[in-house]
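Subject: A structure for you to look at

Hi there,

Here is the structure I promised to pass on to you. Please open it beside this email and follow along as you read.

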Amino acid sequence: MPVAKTAGRAARKTAAKPPANESRTALVRRARRINRELAEVYPYAHPELDFDNPFQLLVATVLSAQTTDLRVNQTTPALFSKYPTPEDLAAANPEEVEEILRPCGFFRAKTRSVIGLSKALTEDFGGQVPGRLEDLVKLPGVGRKTAFVVLGNAFGRPGITVDTHFQRLVRRWQWTAETDPDKIEAAVGALFPKSDWTDLSHHVIWHGRRICHARRPACGACPIAPLCPAYGEGETDPEKAAKLLKYEKGGFPGQRLKPPQAYLDAGGKPAPPLGAG
């Protein structure tokens with residue numbers, strides 16, 4: 001993986017803060033350039049939840065609230081093995097589901113959500129996950145963020161996933177000053193063609209998890225340092241910054257137990273199953 005190349009590239013450039021009076025046109029150009037740069041760094045970016053069909057992605061996304069995708073991926077194999085369809089999960093004993101979901105945290109509330117949404121799918125949608133935003137958000141435990149994850153990655157319909165990483169980075173990059181997720185979604189969506197939205201979400205979230213951390217961003221290993229108004233908030237020394245990199249860029253496994261082949265071909269490693277250490 002190109003850790004040294006990335007770090008050196010950032011170190012050779014002088015990061016300049018965008019002018020306070022940055023025009024709308026300049027902002028759009030800078031935002032789109034950042035996305036292009038991130039696409040080169042993460043050409044294999046993908047949703048980091050394991051899934052084989054829309055139902056599995058929907059359930060996994062609901063379970064991912066307030067925990068890591070890794071923990072969800074380590075938990076869902078047992079869940080989907082025992083309850084492979086919405087009909088199966090809708091008829092499940094809540095106590096048995098709670099025991100499976102315990103590692104995900106908030107397991108009682110999440111059990112109510114996944115059983116509830118499974119009942120709704122069974123009763124209202126013939127056991128199929130709907131492909132419309134207005135239908136998805138009616139399901140128990142499903143908000144706009146979850147709906148856009150499903151629409152973008154299971155149905156190929158563009159959407160912006162405003163998770164905590166996305167919120168933090170777009171404000172750090174001064175794409176928007178909004179704090180409400182719906183307003184962030186609208187503000188950032190207006191900077192990009194709709195066809196870019198799903199991949200943009202992956203690029204930003206991956207960058208937040210791997211390089212642009214909340215507390216100690218690895219500024220000296222960041223490929224978009226010259227475009228970032230927050231450059232210098234984190235470690236700027238390339239060698240020290242390289243030690244802060246996470247997941248494949250730091251030699252660590254990713255979040256998925258069954259990652260796409262492109263990720264493996266790029267040197268990424270699958271995550272270990274639950275209890276593997």
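To start, does Glu185 count as buried or exposed, and at what relative accessibility? Glu185 counts as buried, because its relative accessibility is 14%. Here buried means under 20% relative accessible area, exposed means over 50%, and partly exposed lies in between, with a 1.4 Å probe and protein chains only.

Before we go further, please keep in mind that this is a predicted model: local features need pLDDT of at least 70, side-chain atom pairs count only at pLDDT 80 or more, and totals for chains, interfaces and linings use all residues. Residues are numbered from 1 along each chain as its sequence is written, and side-chain values use heavy atoms, with hydrogens and water left out.

**The chain as a whole**

The secondary structure comes to 14 helices and zero strands. Helices (H or I, at least four residues) and strands (E, at least two) are DSSP runs, numbered from the N terminus. The radius of gyration is 20 Å, close to the 19 Å that the globule rule gives for 277 residues, so the chain is as compact as a globular protein of that length. That radius is taken over C-alpha atoms, and the globule rule is 2.2 Å times the number of residues to the power 0.38.

Along the principal axes, the C-alpha atoms fill a box of roughly 60 × 40 × 30 Å. Of the 277 residues, 51% count as buried. If you take the contacts (heavy atoms within 4.5 Å) with a separation of 6 or more, residues 24 or more positions apart account for 62% of them. The chain exposes about 12,900 Å², and carbon and sulfur atoms supply 51% of that area. Accessible areas come from the Shrake-Rupley method with a 1.4 Å probe; for residues, only the protein chains shown count as cover.

**Charges and salt bridges**

The chain has 39 positive and 30 negative charges, and their mean positions are 7 Å apart. Lys and Arg count as positive and Asp and Glu as negative, while His and the chain ends are not counted. The place of a charge is taken as NZ of Lys, CZ of Arg, CG of Asp or CD of Glu.

How many salt bridges are there? The count comes to 15, where a salt bridge is a side-chain nitrogen of Lys or Arg within 4 Å of a carboxyl oxygen of Asp or Glu.

Glu185, from the opening question, is in one of them: its side chain meets that of Arg144 at 2.6 Å, N to O. Arg144 lies in helix α9 (residues 144–154) and Glu185 in helix α11 (residues 181–189), so the pair ties together parts that are 41 residues apart in sequence. Arg144 counts as partly exposed, because its relative accessibility is 34%.

Another salt bridge joins Glu248 and Arg210 (3.0 Å, N to O). This pair links distant parts of the chain, 38 residues apart: Glu248 is in the loop between α13 (238–242) and α14 (261–265), and Arg210 is in helix α12 (residues 197–210). Salt bridges that share partners join Glu48, Asp69, Arg209, Arg210 and Glu248 into one network. Both Glu248 and Arg210 are buried.

Arg102 and Glu99 also meet in a salt bridge, at 3.3 Å, N to O. Arg102 counts as partly exposed, at 42% relative accessibility.

Now compare Arg168, in helix α10 (residues 164–172). Arg168 is buried yet has no salt bridge; the nearest side chain of opposite charge, Asp163, is 7.5 Å away. Leaving aside neighbours within four places in sequence, Arg168 is in contact with Gly208, Cys212, His213 and Ala214.

Gln66 is found in the loop between α3 (54–63) and α4 (69–82), and is exposed, with a relative accessible area of 65%. Gln174 sits in the loop between α10 and α11, and is partly exposed, at 46%.

Finally, find Pro270 in the segment after α14. Pro270 is partly exposed, with a relative accessible area of 40%. Not counting residues up to four places away in sequence, Pro270 touches Pro253, Arg256, Leu257, Pro259 and Leu264.

Enjoy exploring, and write back with any questions!

Best wishes
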